There are 2 protein chains.
Amino acid sequence: MYGQKVLADLREQLAHAAEFDLYAAAFDSAGIDPASIDSWEAFQEVPFVETEDLEADFEANPPEGSLYTAGAMISFSPMGDDLAPMFDTADDLDYQASVNADVFERAGISPGDRVLNTFGYHLFGTGLLVQRGLEELGAEVFPVGPGDSEQAAAFIQEYDVDALIGNPSFATKVGDEGASVEVFVGGGEPFTSIPGYREEVKDALGCDTAVDYFGTRHVLPIAAETTDENGLYVSSEYAIVEIVDPDTGDPLEPGERGEVVVTHRRKDGFPLVRYRTGDLAELERRGDDLVLPDGVIGRTDNRLKVKGVKLYPESIPAVLAGFEGLTGEYSLTVTRPESTDHLEIRCEGSAEEGELAEALADRLIISPDEVVVVEDLDRSGVFDERY
Amino acid sequence: MYGQKVLADLREQLAHAAEFDLYAAAFDSAGIDPASIDSWEAFQEVPFVETEDLEADFEANPPEGSLYTAGAMISFSPMGDDLAPMFDTADDLDYQASVNADVFERAGISPGDRVLNTFGYHLFGTGLLVQRGLEELGAEVFPVGPGDSEQAAAFIQEYDVDALIGNPSFATKVGDEGASVEVFVGGGEPFTSIPGYREEVKDALGCDTAVDYFGTRHVLPIAAETTDENGLYVSSEYAIVEIVDPDTGDPLEPGERGEVVVTHRRKDGFPLVRYRTGDLAELERRGDDLVLPDGVIGRTDNRLKVKGVKLYPESIPAVLAGFEGLTGEYSLTVTRPESTDHLEIRCEGSAEEGELAEALADRLIISPDEVVVVEDLDRSGVFDERY
């Protein structure tokens, strides 16, 4: 899926990873020698690292964990109920800035553009990382942070700001305060995976371009849209992405839907190797590019198999959010009346049932046997009543 | 007061300043040619820029003002009731980082040290500027920002953090939560100008070194202490400092007390030339260094002349804060009973009057005729009843 240049970088990155106890032990017990990884298939033999592995490692080696790398910044990200530390060296920050600069440029931000950055800088450091990318691009950054949509809107209007970057829900509020920009870059929340949401944000901000930007605190960015607004292109200079079957871990072919697995292509501090994000997406090949056409469409937790097909209830709220009349409450019930699975989805509010059924079938891959819209829902949640 | 190297830099900086309408007009009407400034005395003929000049300039050239320089960051600082924009180019940020790196190193922070940064990053950008200096030094920064002293204390304890940087009042809270560090760098509030405050902060944080760091959003730093804790050394690589008579603007000799006037030695965006800060300090020469021995001891606003000596009531609260039993409320009354000024200071709470009188005389330069400590104050404020 990736060429020799990527493989050479991955060999180097895995050799670096093997300097850390966590990976050294994992590679050892899987019989992996980073130097001998000469094919994509060989790379896919490398063991995954899961959130549970990281949690156990923090527990066993408090507080930094065994992936600690002395460097320039220690910031944090939520992990379970806790905050887990995250390490960046000066080189990490520089390289990440250059990658983000390219991503922001493809998203429609130009050198000299004024950009209001509403990501938070404190604790997680996200705003900081974004600012560095924007500076590297040569943009002029307003480091306003989150929280005050009225003030953000006033700055945009007064200073004729070209672009806004931040959470889409906050951006909508900023737009509702009367601000308009040419470009919006949205991240940190489900965005273009929610049908109609892009248009809603564009209407609020009066903008020509609104793109989806996907990353985690540990790998930022993973993928982002360009001004074409046609899906999130994997930032292969930074993040090597695979899609795997969340049950078996088997690699899936382009076009299939599964769990996003990500590997840093080049990272000194806290390197992640085949990290299972728990995020659900489809991966598509377009020429030399890899694309997540709808971005992240849910989480792989709570998946269930219906009629032999994996079904991800967590991808439903994004569909419901596309229907104005629905409250977002729903129940999904699987029964097996005559040794065949029966899938019923009941949604609260009002919507045209046929249209809703189509949207759900499109997102879930399988067609529900019944889609019902009711005014008041008796119960909400996922109910597997087959067994 | 400064040598030829500084003068050469100032000629260059003033030539840059003259590219902006605000300075071009001011230099013109004062008959100043930047290229011909060949002595310190000639430099002191350059017109001041005052906050009112900047406010008028923002008003006349909204929203950026005539000092706008396209660059890397637009952040803000309070000016009157408004927020005024402030411009930094990429070079400005880099140079400032290198200056701050030196300052932090002299303050006792070493490469590899862990530093918790509790200055805010959003809007004003102060935390960002500080982080860059720390990174340039090679320290490991926790970008936590302000607000949560309990969390800050927990990070310090868990991660064995070496140094804390932020407001002294917040640092005391962090210390009260049980955290201890080796070095504290305090700024953004009156600090070592308050008698006993340094010891209080050091006790709370259990630290060996606590230094005072002085700057404005526009010139950060202006001066800072070293591990010797014996006054704030002017950062002459960045800020050229003079002390002037706040009434006449006449330069004062080292050892005299007056208004801090500051000039950027090297700044592309929003350069300040002989900017009157309104801050009150004494400037002292020590060998090649210029030192503010007590930091900023008040503001020059509301000054009044008593017995021919300038008296700054705003320097009183810092003195009162050094006495635990006082509430901080006070009245200062000047009368002229027999054609001689009579100065009475009444303070609320409890304190030994002789000790308080001595501390006030030391700070005010003139000895009050009466210092009275009362349980309840009838009125508080400054009352000039001579006329």
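Tutor: Start with one term: a residue is buried under 20% relative accessible area, exposed over 50% and partly exposed in between (1.4 Å probe, protein chains only). This is a predicted model, where local features need pLDDT of at least 70, side-chain atom pairs count only at pLDDT 80 or more, and totals for chains, interfaces and linings use all residues. Residues are numbered from 1 along each chain as its sequence is written, chains are lettered from A and ligands numbered from 1 in the order in which they are written, and side-chain values use heavy atoms, with hydrogens and water left out.

Student: Is A:Glu242 buried or exposed?

Tutor: A:Glu242 is buried, at a relative accessible area of 0%.

Student: Which side chain meets A:Glu242 in a salt bridge?

Tutor: Side chains of opposite charge can pair when their charged atoms come close. The rule for a salt bridge is a side-chain nitrogen of Lys or Arg within 4 Å of a carboxyl oxygen of Asp or Glu. Here the partner of A:Glu242 is A:Arg274, at 2.6 Å from N to O. The two lie 32 residues apart: A:Glu242 in strand E10 (residues 239–244) of chain A, A:Arg274 in the loop between E11 and E12 of that chain. Helices (H or I, at least four residues) and strands (E, at least two) are DSSP runs, numbered from the N terminus. A:Arg274 is buried too, at 2% relative accessibility.

Student: What does the salt bridge between A:Asp9 and A:Arg265 tie together?

Tutor: Look at the pair first. The closest N and O atoms of A:Asp9 and A:Arg265 are 2.7 Å apart. A:Asp9 sits in helix H1 (residues 4–17) of chain A and A:Arg265 in the loop between strand E11 (257–264) and strand E12 (275–282), so the bridge ties together parts 256 residues apart in sequence. A:Asp9 is partly exposed at 27% relative accessible area, whereas A:Arg265 is buried at 5%.

Student: Where do A:Glu140 and A:Arg114 lie?

Tutor: Their side chains form a salt bridge, 2.9 Å from N to O. A:Glu140 belongs to strand E4 (residues 140–142) of chain A and A:Arg114 to strand E3 (residues 114–117), 26 residues apart. A:Glu140 is buried at 3%, and A:Arg114 is buried at 8%.

Student: How many salt bridges are there over all chains?

Tutor: The count is 42. Four of these run between chain B and chain A. In one, B:Arg132 pairs with A:Glu135, the closest N and O atoms being 2.8 Å apart.

Student: How many residues does each chain give to the contact?

Tutor: A contact means heavy atoms within 4.5 Å. Chain B gives 36 residues and chain A gives 36 residues. Buried area is the accessible area (1.4 Å probe) that two parts lose on being put together, summed over both. Chains B and A bury about 3,000 Å² between them, with 56% of it on carbon and sulfur atoms. On the chain B side, B:Ile74, B:His122 and B:Tyr159 lose the most area to chain A, together 20% of what that side buries.

Student: Which elements of chain B touch chain A?

Tutor: Those giving two or more residues to that side include strand E1 (73–79), strand E2 (82–88), helix H6 (126–137) and helix H7 (149–158) of chain B.
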